Amino acid sequence: MERKVPYITYLLNSKEDLKERLKERINQIKKNIESVEKEYGNDNKIIVKNSAMIDLKEALVLALSYLAMSNSNKVDEYKDKVIQKLAHIRENRILTLDQYRDTYWLLKQILEL
Amino acid sequence: MDENYQYTYQIPDLKTRFQIGFGNIIEQIVNLLTYSEMYGDTETFDNEELKYKLRAAIAYALALLGSTWGYAMSAQVQRDVEMAKESLKTLFSRIIKDPELSYLDLLDIYYQLIQQVSIILNYGTPIPRPRTGNYEIT
């Protein structure tokens, strides 16, 4: 199963465009968290997978691109965290709700740079 | 069809074309990193496709740099473009020469690639957003 990109995007047209797309993914991730919490309660050990993980991975890749276009002095620190998260997900494919929520907060911080 | 209608096709300038090409290949990398790994077989996913696409993206980035030349540039901008060119050549060379590049290395190369190109895209004439359906009836 492959989800198609919903619209033609030119990722590097501007940093603002990229930020908007990252914001959309982060909003979707927040909805995913709420949806899991609604269904399973606040059990941090619940496994998050499938489409919710796709949203998270896309957001992490976009965040990496966004960091590359940013000038903040925190960029290197966040870049390493994002790369580590991507590598972890590649290896494990799933995250617990707790880990998923942590990644959400990381993405939120990057958006505020 | 009324033969008085004449179709014209707006050909974008070279820089815009390379930017679109670069944007497309970056989009493919984002898709690869986002989707293919999740649904593909990670045991056989050996980074080769990622390397291939990164090489293509770097080639587009170099072309973009070359086409940027000629826009009104200060000496400082020219130096920045030269430095970006050397950095991109180094990234390309790393992919070609080092067969042991890890997934983390490749993500780092992706990051540096975007970093170099974004420096350049801040210069020169603003690029109009490419549109779908560039046909005009005159």
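In which loop of chain A is the place of A:Arg93? A:Arg93 sits in the loop that runs between helix 3 (75-92) and strand 2 (95-96) of chain A. The structure discussed here is a predicted model, and its scores are ipTM 0.83 and pTM 0.80.

- In chain A, 35% of the 113 residues count as buried, while in chain B 26% of the 138 residues do.
- When contacts between residues at least 6 apart in sequence are considered, 78% of those in chain A join residues at least 24 apart, and for chain B the corresponding value is 83%.

**Confidence in chain B**

- The mean pLDDT of chain B is 77, with 69% of its residues reaching 70 or more.
- Residues 124-138 of chain B have a pLDDT below 50, although this stretch has 22 contacts in the model beyond near neighbours in sequence.
- Where pLDDT is low, the predicted coordinates should not be read in detail.

**The largest nonpolar core**

- The largest nonpolar core holds 56 residues, and those touching the most other members are A:Ala63, A:Leu64, B:Ala57, B:Ala61 and B:Leu113.
- Two or more residues of this core are given by each of helix 1 (15-40), helix 2 (51-68), helix 3 and helix 4 (97-111) of chain A, and by each of helix 1 (14-39), helix 2 (48-68), helix 3 (75-97) and helix 4 (103-121) of chain B.
- Helix 2 of chain A supplies the largest share of this core, with 13 residues.
- A:Ala63 belongs to helix 2 of chain A, and this residue counts as buried because 27 C-beta neighbours lie inside 10 Å.
- Apart from neighbours within four places in sequence, A:Ala63 is in contact with A:Leu22, A:Val82, A:Leu107 and A:Ile110.
- A:Leu64, with residues up to four places away in sequence left out, touches A:Lys79, A:Val82 and A:Ile83 in chain A as well as B:Leu107, B:Tyr110 and B:Tyr111 in chain B.

**Helix 2 against helix 3 in chain A**

- Helix 2 and helix 3 of chain A pack with their axes 10 Å apart and at an angle of about 150 degrees, which means that helix 2 of chain A is roughly antiparallel to helix 3 of chain A.
- The crossing in which helix 2 of chain A passes helix 3 of chain A is left-handed.
- On the side of helix 2 of chain A, the contact is made by A:Met53, A:Lys57, A:Leu60, A:Ala63, A:Leu64 and A:Leu67.
- On the side of helix 3 of chain A, the residues making the contact include A:Val75, A:Tyr78, A:Lys79, A:Val82 and A:Ile83.

- Most residues other than glycine have a negative phi.
- A:Arg93 counts as partly exposed, because 16 C-beta neighbours lie inside 10 Å.

Technical notes. Residues numbered from 1 in each chain as written. Chains lettered and ligands numbered in written order. Predicted model: local features only at pLDDT ≥ 70, side-chain atom pairs only at ≥ 80, totals over all residues. Buried ≥ 20, exposed ≤ 12 C-beta atoms within 10 Å, placed from the backbone. Contact = placed C-beta atoms within 7 Å. pLDDT = per-residue confidence, 0-100. Helix = DSSP H or I, 4+ residues; strand = E, 2+ residues; numbered from the N terminus. Core = buried A, V, L, I, M, F, W, Y, C linked by C-beta atoms within 7 Å. Axes fitted to C-alpha atoms, helices over the stretch in contact; angles between N-to-C directions. Parallel < 35°, antiparallel > 145°, perpendicular 65-115°, else oblique. Left-handed = near helix turned anticlockwise from the far one by under 90°.
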